[in-house]
Amino acid sequence: YTDDGESCIVFVRSDRNPGMYYIYSEGRLKHVASTQPDVDSDWLGTQEAFTMMSRDGVKLYGFLTLPPGGQDKNLPMVVNPHGGPHGPFDRWGYDRRVQMLAANGYAVLQVNFRGSGGYGEDFEESGYRKWGREMQDDVTDATHWAINEGIADPNRICIYGGSYGGYATLQGLVREPDLYKCGIGVVGVYSLPMFWEKWDGMRLGRTKSSKVFLERVVGSDEAELKAYSPAFNVDKIKAAIFIIHGSEDVRVPIEQAELLAENLDKIGKPYEWMVRKEGHGFANPKNRADQYEAMLAFLEKHIGRNEIAAN
């Protein structure tokens with residue numbers, strides 16, 4: 001606002017609008033700038049909220065983004081568990097990754113599994129020491145919800161996520177070998193024992209507090225950690241795999257992806273691989289474009305796409 005309160009800057013965004021700035025003055029709005037002026041909302045999907053019950057009676061909240069074109073049944077679908085996992089949560093609004101998928105013909109499912117933020121302390125703490133277990137079951141249950149609602153074609157479902165979402169992606173392939181046709185893990189944690197050794201919190205002078213945190217959220221029993229680590233259970237995976245990582249990642253070092261790849265190599269399980277000189281997620285526009293183009297090619301190869309929307 002101006003000091004006299006007569007004028008102000010207004011920012012507007014929605015699920016299909018990346019963001020627009022207006023000046024409000026003398027009772028009128030004047031458009032000033034758009035954050036992504038080349039994005040046409042006609043290309044984009046519509047995001048809708050849903051609620052559902054987990055298998056053990058926990059109420060879960062999520063979002064379903066449908067591709068443009070009007071079709072809302074029997075769609076190829078990408079399940080997209082968020083990162084974090086404790087604190088962050090999916091919310092309604094513009095998400096460039098989700099819209100990239102929707103604009104290319106995919107329904108996108110996001111669920112705030114237990115352990116997510118945004119729903120109170122009890123809900124967040126209910127995910128502690130539940131990595132790969134109840135937290136993963138919530139993602140599975142949301143996937144089945146979309147199938148039972150007729151939204152998703154059960155033979156054309158992929159799972160994709162980054163950081164914890166990368167863990168949930170590969171753990172989903174381990175736990176549900178017949179549910180997903182493919183998985184795309186981005187900068188993911190694939191070995192929980194390695195998480196103890198190489199998490200950046202352990203290397204940046206916060207060893208004591210980091211140990212308390214890790215003990216609280218994942219535990220320290222090595223046998224149990226391995227049992228819920230995708231890298232040590234690759235023999236259970238049937239789906240196609242695409243691993244994407246940054247060689248300079250300090251939050252989840254490249255060794256996580258390398259261990260996963262090494263164990264896949266040992267059993268002769270093929271996978272696709274993309275590494276760039278980046279950190280925890282690609283920031284360079286060229287690398288982002290390469291990543292998304294490769295992801296879209298991978299998805300089309302394994303689950304196809306909704307051509308009505310794509311055209």
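**Exposure and numbering.** Throughout these legends, buried means under 20% relative accessible area, exposed means over 50%, and partly exposed is in between, with a 1.4 Å probe and protein chains only. This is a predicted model, where local features need pLDDT of at least 70, side-chain atom pairs count only at pLDDT 80 or more, and totals for chains, interfaces and linings use all residues. Residues are numbered from 1 along each chain as its sequence is written, and side-chain values use heavy atoms, leaving out hydrogens and water.

**View 1. A salt bridge between Lys 238 and Asp 178.** A salt bridge here is a side-chain nitrogen of Lys or Arg within 4 Å of a carboxyl oxygen of Asp or Glu. For Lys 238 and Asp 178, the closest N and O atoms are 2.8 Å apart. Lys 238 sits in the loop between helix 8 (222-227) and strand 10 (240-246), and Asp 178 in the loop between helix 4 and strand 9 (182-186), 60 residues apart. Helices (H or I, at least four residues) and strands (E, at least two) are DSSP runs, numbered from the N terminus. Both Lys 238 and Asp 178 are exposed.

View 2. The whole structure gives 16 salt bridges. One of them joins Glu 125 to Arg 216, at 3.0 Å from N to O. Since Glu 125 belongs to helix 2 and Arg 216 to helix 7 (residues 207-217), the pair ties together parts that are 91 residues apart in sequence. Glu 125 is partly exposed at 28% relative accessible area, and Arg 216 is partly exposed at 46%. Glu 215 and Arg 129 also meet in a salt bridge, with 2.6 Å from N to O. Here Glu 215 is in helix 7 and Arg 129 in the loop between helix 2 and helix 3, 86 residues apart. Glu 215 counts as partly exposed at 28% relative accessibility; so does Arg 129, with a relative accessible area of 36%. For a multi-way arrangement, pick out Arg 55, Asp 137, Asp 141 and Arg 175, which salt bridges link into a network.

View 3. Rings of Phe, Tyr and Trp (its six-membered ring) pair if their centres lie within 6.5 Å; planes under 30 degrees apart are stacked, over 60 edge-to-face, and the rest tilted. By this rule there are twelve aromatic pairs. Phe 113 and Tyr 164 make a tilted one, at 5.6 Å centre to centre with 45 degrees between the planes. Phe 113 lies in the loop between strand 7 (107-111) and helix 2 (121-125), and Tyr 164 in helix 4 (residues 164-175), so the pair ties together parts that are 51 residues apart in sequence. Phe 113 and Tyr 164 are both buried. Trp 131 and Tyr 167 form another tilted pair, 5.5 Å between centres and 55 degrees between planes. This one links Trp 131, in the loop between helix 2 and helix 3 (134-148), with Tyr 167 in helix 4, 36 residues apart. Trp 131 is buried at 5% relative accessible area, and Tyr 167 is buried at 0%. Ring pairs join Phe 113, Trp 131, Tyr 164, Tyr 167 and Phe 195 into a cluster.

**View 4. Arginines over rings.** A charge sits over a ring if NZ of Lys or CZ of Arg is within 6 Å of the ring centre and within 35 degrees of the ring normal. Arg 91 lies over the face of Phe 89, 4.1 Å from the ring centre. Likewise, the charged end of Arg 133 is over the ring of Tyr 228, 4.1 Å from its centre.

**View 5. The largest pocket.** On a 1 Å grid over the protein atoms alone, a pocket is an open set of points with protein on both sides within 12 Å along at least five of seven lines, while a cavity is a set where a 1.4 Å probe fits but cannot get out; lining residues have an atom within 4 Å of a point. The largest pocket has a volume of about 680 Å³, a volume being the space filled by probe spheres set on the points, which are joined across faces, edges and corners. It has 29 lining residues, and the closest to its centre are Asn 80, His 82, Gly 83, Asp 95 and Arg 97.

**View 6. The largest cavity.** This cavity has a volume of about 30 Å³. Among the residues lining it are Phe 195, Trp 199 and Arg 251. Helix 5 (residues 192-198) gives the most to the lining, with three residues.
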